[in-house]
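Have the sequence and the 3D view open as you read.

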Amino acid sequence: MILKEKDKLLVGKFLKRIPAFGNLSDKRVDQIINDFTIRTFRAGETVFYQTDMSTDMYIILEGRVKVTLLSEEGDEFVLTDLNQGDFFGELSLIDGNPRSASVIAEEDSTFAVLERNRFLDAIKEDPDIAIDLLKSLVQRLRTATEREESLAFLAVHQRLVKLFTKLIKDEGKKQKNNFYLLKKRTHKEIAERIGASRESVSKVIKKLVSGNLIIEGGDVFLLSPDLFEDIEEPTD
Ligand code: CMP
């Protein structure tokens, strides 16, 4: 499929931001762009399931996805949320094995998709792509290790504060009274991201609300700086 001019511009813009492609010359990027196809998914649709045998790599041009593990009982553990400019699917692309996790669109999303063989050709042509991709993989591994450390050693309260710290860095706004404003998440969504039960998250939040450390508004959380006393306070 030949990409439309508008899609080419969009793919080129994001390719430049991905470490694995960021160091390529403009000419090379222009050539690689032609290897991509565009796919769109509606909010809530599954891009692929864990254990699927597909091997394409995806770059998020628009939208947001969650990378998630689903149990047979329907429980969910969200490994990460990915946004515009992020990529996923590189593990099966590299080793040809089944998908390590499921990916679900959280908003209506558009992806640039690269087939495994095209990617392998690109690496043969530019071995720097492989080195840069390794750096991204190492970063993901470090983040995963940090998360395992949290799961192994931190109580639900501390894991919750860590999650809030990350969300504030990504999207939080500091208010005049020094409280941080965040888009509200359901207790279930929080539980799925910190590996806790919904009940234990609700219990901890209830306690923090009664201590005035969290204010739960209609669609926002207001978080007191005192919540981060034992953890480095987020910088904004
Ligand atoms: P793949 O295994 O092909 O399909 C699922 C994708 O989810 C995987 O490639 C990675 O892109 C991504 N993924 C899996 N585990 C993690 C993780 N712990 N952190 C970030 N991304 C992940």
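Let's start with E76, which forms a salt bridge with K66, their closest N and O atoms sitting 2.9 Å apart. (A salt bridge here is a side-chain nitrogen of Lys or Arg within 4 Å of a carboxyl oxygen of Asp or Glu.) This pair links distant parts of the chain: E76 belongs to strand β5 (residues 76-83) and K66 to strand β4 (residues 64-70), 10 residues apart. Helices (H or I, at least four residues) and strands (E, at least two) are DSSP runs, numbered from the N terminus.

Are E76 and K66 buried or exposed? Both are buried. Buried means under 20% relative accessible area, exposed over 50%, and partly exposed anything in between, using a 1.4 Å probe and protein chains only.

A word on the ground rules: this is a predicted model, so local features need pLDDT of at least 70 and side-chain atom pairs count only at pLDDT 80 or more, while totals for chains, interfaces and linings use all residues. Residues are numbered from 1 along each chain as its sequence is written, and side-chain values use heavy atoms, with hydrogens and water left out.

The structure has 18 salt bridges. Take D7 and K6, whose closest N and O atoms are 3.9 Å apart in their salt bridge. D7 counts as buried because its relative accessibility is 12%, while K6, with a relative accessible area of 62%, is exposed.

R198 and E199 make another salt bridge, with the closest N and O atoms 3.8 Å apart. R198 comes out as partly exposed because its relative accessibility is 39%; E199, at 52%, counts as exposed. There's also a network of salt bridges that links R64, D81, E106, E107 and R193.

## Around the ligand

How many residues surround the ligand? There are 13, and the closest are G89, E90, S92, R99 and S100. (To be near the ligand, a residue needs a heavy atom within 4 Å of it.) By type, the shell splits into six nonpolar, four polar and three charged residues. Ala, Val, Leu, Ile, Met, Phe, Trp, Tyr, Cys and Pro count as nonpolar, Asp, Glu, Lys and Arg as charged, and the others, Gly among them, as polar. Both β5 and α4 (90-95) supply at least two shell residues each, and α4 gives the most, with three.

Now for the polar contacts, meaning pairs of N or O atoms within 3.5 Å. A polar side-chain atom of R99 is 2.7 Å from a ligand oxygen, and a polar backbone atom of G89 lies 2.8 Å from an oxygen atom of the ligand. R140 has a side-chain N or O atom 3.5 Å from a ligand oxygen. The protein covers 89% of the 450 Å² of accessible area that the ligand has on its own, by the Shrake-Rupley method with a 1.4 Å probe.

## Sheet and overall build

Four strands form an open, antiparallel sheet in the order β1-β8-β3-β6. Its edge strands are β1 (36-41) and β6 (87-88), each pairing on one side only. Two strands pair if DSSP finds at least two bridges between them; β3 (residues 57-62) and β8 (residues 109-114) share five, in the antiparallel sense. Which residue of β8 is the bridge partner of I60? That's F111.

Zooming out, the protein chain has nine helices and 12 strands. Its C-alpha trace spans about 60 × 40 × 30 Å along the principal axes, and 39% of its 236 residues count as buried.

Technical notes
Polar contact = N/O pair within 3.5 Å; in protein donor to acceptor, adjacent residues only side chain to side chain.
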